[in-house]
Each structure stands twice: as C-alpha cells, then as structure tokens.
Amino acid sequence: SAPFLSVRDLHVRFSTEDGIVKAVDGLSFDLERGKTLGIVGESGSGKSVTNLAVLGLHNPKSTEITGDITLDGEELTRAREKSLEKLRGNKMAMIFQDALTALSPYYTVGRQIAEPFIKHTGASKREGRQRAIEMLTKVGIPQPNLRVDDYPHQFSGGMRQRAMIAMSLVCNPELLIADEPTTALDVTVQAQILDLLKDLQQEFGSAIILITHDLGVVANIADDLLVMYAGRAVERGSVKEILTQPRHPYTWGLLSSMPRLSSDVNESLHPIPGSPPSLLNPPSGCAFHPRCGFADTVGAARCTDERPLLELGRAAACHLSAEQKQTLFTEQIKPR
Ligand code: SF4
Ligand code: MG
C-alpha cells in the first residue's frame, strides 16, 4: 500500500532580488504512521522549507513548488488553500522552535489550545476549555485547572514549549512536524521535551518529522534519518545505520563534529571545513565537493561534473564506491 506521507522529486524555488534560490532541489522520502523521520542538516540545507511546503505555508506569490506530496492519498502540492486549511492543525500540525512566535501574548494559553479544537470539531467554548485542561495535563503542566487561564508570559520557556505541543496535538494530528523544537531550551528541559514527544507519539500514533541540525537530538527519538545538504538529501537510512555505518562524507563530518558522551570533554571536535554554499548558485556536480576531502579518491573531476543521485531505501548520494564508503569510514573516520 502507499506510504502515509510520500514526497517525490520536490523542488522549491524562491524568487529574490538576486535571483532564483533553489531551496529544495529534487527531494524524495516516505514516512509511515507512528514513525519518526529525523531530517538533519545545517541551516540553509532546505529542511525547514521542505516542511513548510508540506504544510502549504510557503508564500505562493514568490515560491514555485513542483513534485508530489501525498498525505494519506491526498495530493497536497496542487491542493487549494481551503483544503490545506482543513488539514492544518487537524490532520497535520507543527511545533515551532520558538513558542513565543507561535503563541499570541494577548490570549490565555487555554484559549489558544482550545482554538484549533473548536475550529475543527465544532466543540463549544466550555468543551474547548475542558480539552485544553486535559491537554495541559498530558504535557505535564502542574495545576492545569489554574494554569489554563494564564497568559504565555506567565509560563517559563519550557512550559511554553509544552503548551505549544499541547496546542499542536489537540486534534490528534496524524502528522506532526517539529522544527528544532528544543533548540531554545537548556539541555535538561530538551531531554524532557523529547521524552514527552516520544510518549505522546505512542499515545496518539502520529507520524513525526523532526527537523534539527543536531544529530544528538534525533539519535534517541527518530526511526529513520534523512541527511540534507544544499537543498538535497545526501543520505538516508535507519538511525542505527547512519550512526554506525554512515556512507556519505557530509554525514561523516556531521558525526565527527558531534560531542560523544563517552569521550573526554576536552577532545577537540572536527567541524566540517568551509560553509554551506549559496543556493542562488549551488556548486556543480556534487554540491558538497568544495568541502569534501574525498573528491580526489573518486577522481577524474567526476565530483565537480556529475550530480550523484540518491536512491530510495538505504542510500548515500556519493560517487565513492560501496567498498570505498565502507573502508574509508572504518579505517579513517571512525578511529579519529
Ligand atoms: Fe565527496 Fe565526491 Fe562523494 Fe560528493 S560525490 S561527497 S564530492 S566524494
Ligand atoms: Mg530552520
């Protein structure tokens, strides 16, 4: 049967004063119900834009989208705003990085949690308030009966993030998109919020897309990973496959710059040299070639000339041979 969410050959282009930005450049992935897909990459890799396109939240005047996004059999790229509006907050919902931008300072937390519920189910205000209290309880806000009437500024940062999660889950969405949901929080609260998301997923059975620049965040919560670079997916696989047998030089870089819990705190990390390319004028061939230390291993200018493609399933978009990917990682990258 067809996957719950399927994205095929997605291209997202923006017009800017300086030219066309290819924010997403030929992206395909699938996601099943109840599963979590982590999308990992540096800022500007296209991970947030991809998800705004799924939700239909891009600006239609300056954005051109091609390709197919199918959610539970419904085609979204050509859907009208009206049908997308019915889906948003209901069948699909989003958790943003910063609760302060998602919550209005002028309304009580309870009213804002109740709003999508009332809108999509036709519940009364009273039922909405009851539902808000129930959701505040689920996300672990103490004294929910009292807190429901607080304004966002009366909540701590971690509590606001919980309130936003309550708001996004209030209609039992089947697809939840969380964009850097814990970046603004301190480490302890981060872990609590991720645990909460995991628990709620068990309860609601939602599919989750978790967008992050931090491999550590997805390691414990995602089933599958998609690594993005310059608007393209460069590697996909299960979390375990990618953390233990990564096959793409960019993923090797991400892993080497990730602090390891077991290692000495003072051990110097290996950040990837250089910075992500401009998407106005992305590099030819493999977009990672200006930063990659392995183009010479491939040789004959193939990396600068020929764009490596990413197959569906376990795959890495790189011209190195399967054997080279394995031995380079085991012999050179892993021992560092
Ligand atoms: Fe590096 Fe070439 Fe592989 Fe790109 S295709 S990641 S430049 S080795
Ligand atoms: Mg982003």
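**Helix packing**

I started with α4 and α7: α4 passes α7 in a right-handed crossing (right-handed if the near helix is turned clockwise from the far one by less than a right angle, left-handed if anticlockwise). Before going on, I noted that this is a predicted model, where local features need pLDDT of at least 70, side-chain atom pairs count only at pLDDT 80 or more, and totals for chains, interfaces and linings use all residues. Residues are numbered from 1 along each chain as its sequence is written, while chains are lettered from A and ligands numbered from 1 in the order in which they are written. Helices (H or I, at least four residues) and strands (E, at least two) are DSSP runs, numbered from the N terminus.

Next I looked up the geometry of that pair. Helix α4 covers residues 109-121 and helix α7 residues 157-169; they pack at an angle of about 25 degrees with their axes 7 Å apart. That makes α4 roughly parallel to α7 (angles under 35 degrees count as roughly parallel, over 145 as roughly antiparallel, 65 to 115 as roughly perpendicular and the rest as oblique). The axes are lines fitted to C-alpha atoms over the stretch in contact, and angles run from 0 to 180 degrees between N-to-C directions.

Which residues in α4 and α7 meet? From α4 I listed V109, Q112, I113 and P116, and from α7 A163, A166 and M167; contact needs C-beta atoms, placed from the backbone, within 7 Å. These contact residues divide into 6 nonpolar, 1 polar and no charged. For the classes, Ala, Val, Leu, Ile, Met, Phe, Trp, Tyr, Cys and Pro count as nonpolar, Asp, Glu, Lys and Arg as charged, and the others, Gly among them, as polar.

I then followed α7 to helix α8 (residues 187-204): the angle is about 15 degrees and the axes lie 11 Å apart. α7 and α8 are therefore roughly parallel to each other, and their crossing is right-handed. On the α7 side I found G158, Q161, R162, I165 and L169, facing V189, I193, L196, L200 and F204 of α8. That contact splits into 7 nonpolar, 2 polar and 1 charged.

Back to α4, this time with α5: I have an angle of about 115 degrees and axes 8 Å apart. This crossing is right-handed too. α4 brings G110, I113, A114, F117 and I118, and α5 brings K125, G128, R129, R131, A132 and M135. By class I get 6 nonpolar, 2 polar and 3 charged.

Most residues other than glycine have a negative phi. I flagged D9, not a glycine, with a positive phi of about 50 degrees. D9 sits in strand β1 (residues 5-16) and counts as exposed, because it has 11 C-beta neighbours inside 10 Å (20 or more is buried, 12 or fewer exposed, in between partly exposed, with C-beta atoms placed from the backbone).

I flagged Q143 as well, also a non-glycine with a positive phi of about 50 degrees. Q143 is in the loop between α5 (125-138) and α6 (144-147), exposed with 10 other C-beta atoms within 10 Å.

**D224**

Is D224 buried or exposed? I put D224 down as buried, because it has 22 C-beta neighbours inside 10 Å. D224 belongs to strand β9 (residues 224-229). Leaving aside neighbours within four places in sequence, D224 touches K35, L37, R236, G237, S238 and V239.

**Ligand 1**

Last, I counted 13 residues around ligand 1, the closest being C286, H289, C292, C303 and C318 (near means a C-beta atom, placed from the backbone, within 6 Å). This shell has 11 nonpolar, 2 polar and no charged residues.

Notes. Two residues are in contact if their C-beta atoms, placed from the backbone, lie within 7 Å.
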